Amino acid sequence: MKHKITLIPGDGIGPEVAEAAKRCIQATGVDIEWEKMYAGSDAFKETGNLLPQETLESVRKNKVALKGPIVTPIGEGFRSVNVAIRHELDLFACVRPAKTYPGVKSYYKDIDLVIIRENSEDLYAGIEFEQGKDDTEKLIKDIEKYSAKKIHQGSGISIKPISEFATQRIVKFAFEYAIKNNRRKITVVTKANIMKFTDGLFLKVARAISKQYTQKIQFEEALVDNMAMQLVQKPHNFDILVLPNLYGDILSDLCAGLVGGLGVAPGANLGDDLAVFEAVHGSAPKYKGLNKVNPTAMILSGVLMLRHIKEDKAADRLENAVKEVISEGRFVTYDLKADPKDPSCVGTKEMADAIINKITGR
Ligand code: NAD
């Protein structure tokens, strides 16, 4: 069956890793027509728009996209294009597997965790009020009226919405994902002891939904600070973590660190109907154009994409090829070498070539 898929190369290292992933996916022989669309700084240069409507329309039409990372400047300028894509397309679930591939340098062996992050709410909702603005000062006064808490004048404010609707949706998704993928346990991670009306609501809803699944999936609760410590000390105790947006973002990077770093951590953003696959890592601007970074995270995002479009055999072949190249340790990028300065490390393109050679048996 022919598939039409939107390819968004992104910026920074995005185009390099996206191209590597595309070539590896093509090598599996799956019939894909790629529709290349722009978002991020390249789109801005071309169209004056960071996220052109045509790019969103292409994903809506094709239902599936593979996306490279896109830069978000800290504390100034535009809000994240990545977050805007998730919001615009209602990609409410972010699924990030963290799995050890033999040969990857890590303090841990045999990790097999999945982060399921709520993608639409929380402090990531982008509801912010800038320091010093009239509206912000008015808001501060109103909040003080209702809460009897003092907020310093000149504060900036970010709002953390958590709803019953979005929490039900993500927790149900996590349980259904667990059943479909033969997983055993879900841990809901919050800071419900402090943020009683937001994280507390998330936990309350998760507890209620877990009751529908008691026969099939084990359920437990953890506080996010303690979870960070437990993940470092005994990551094998966990299976699937379901979390509000910001904790999911932070613990995704921690889990990537357990399995060899951002170079090997893939992800998927899923909605009811649409899916955008992207690595956990960002656009690493300092490596842009150097043919240096690891394409694995993006290629493994491609593996998740192939499974999503029901091309499981191709997904297996691609994943096995990645596994072999990593475990042989020859044609790998600097981050997968014991010494990152090892002169025998290869570039992004050459690592992709090695993976393609495994697939095609050359
Ligand atoms: P980053 O993930 O881009 O890079 C941090 C470091 O991780 C890099 O300096 C590098 O050492 C390592 N790294 C990342 N990807 C790698 C790879 N493929 N191979 C080897 N090493 C790799 O994080 P950052 O520097 O905090 O963010 C850069 C920009 O990317 C920011 O603007 C940020 O907002 C954005 N970002 C985008 C996404 C996305 O597109 N979904 C995700 C995270 C961050």
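Colleague: Which element gives the most to the lining of the second largest pocket?

Modeller: This is a predicted model, where local features need pLDDT of at least 70, side-chain atom pairs count only at pLDDT 80 or more, and totals for chains, interfaces and linings use all residues. Numbering runs from 1 along each chain as its sequence is written, and side-chain values use heavy atoms, without hydrogens and water. Helices (H or I, at least four residues) and strands (E, at least two) are DSSP runs, numbered from the N terminus. β4, β5 (112-118), α6 (164-180), β11 (268-270) and α10 (296-308) each supply at least two lining residues; with five residues, the top contributor is α10.

Colleague: Where does the second largest pocket lie?

Modeller: A pocket is an open set of points on a 1 Å grid over the protein atoms alone, with protein on both sides within 12 Å along at least five of seven lines; lining residues have an atom within 4 Å of a point. Domain bounds come from an automatic or database assignment. Both domains give lining residues, so the pocket lies between domain 1 (1-95 + 262-362) and domain 2 (107-115 + 162-258).

Colleague: What volume does the largest cavity have?

Modeller: A cavity is a set of grid points where a 1.4 Å probe fits but cannot get out. Points are joined across faces, edges and corners, and a volume is the space filled by probe spheres set on them. One cavity of 30 Å³ or more is counted; the largest holds about 40 Å³.

Colleague: Which elements give two or more residues to the lining of the largest cavity?

Modeller: The lining includes R96, P97, S252 and C255. The elements are β4 (93-99) and α9 (245-258).
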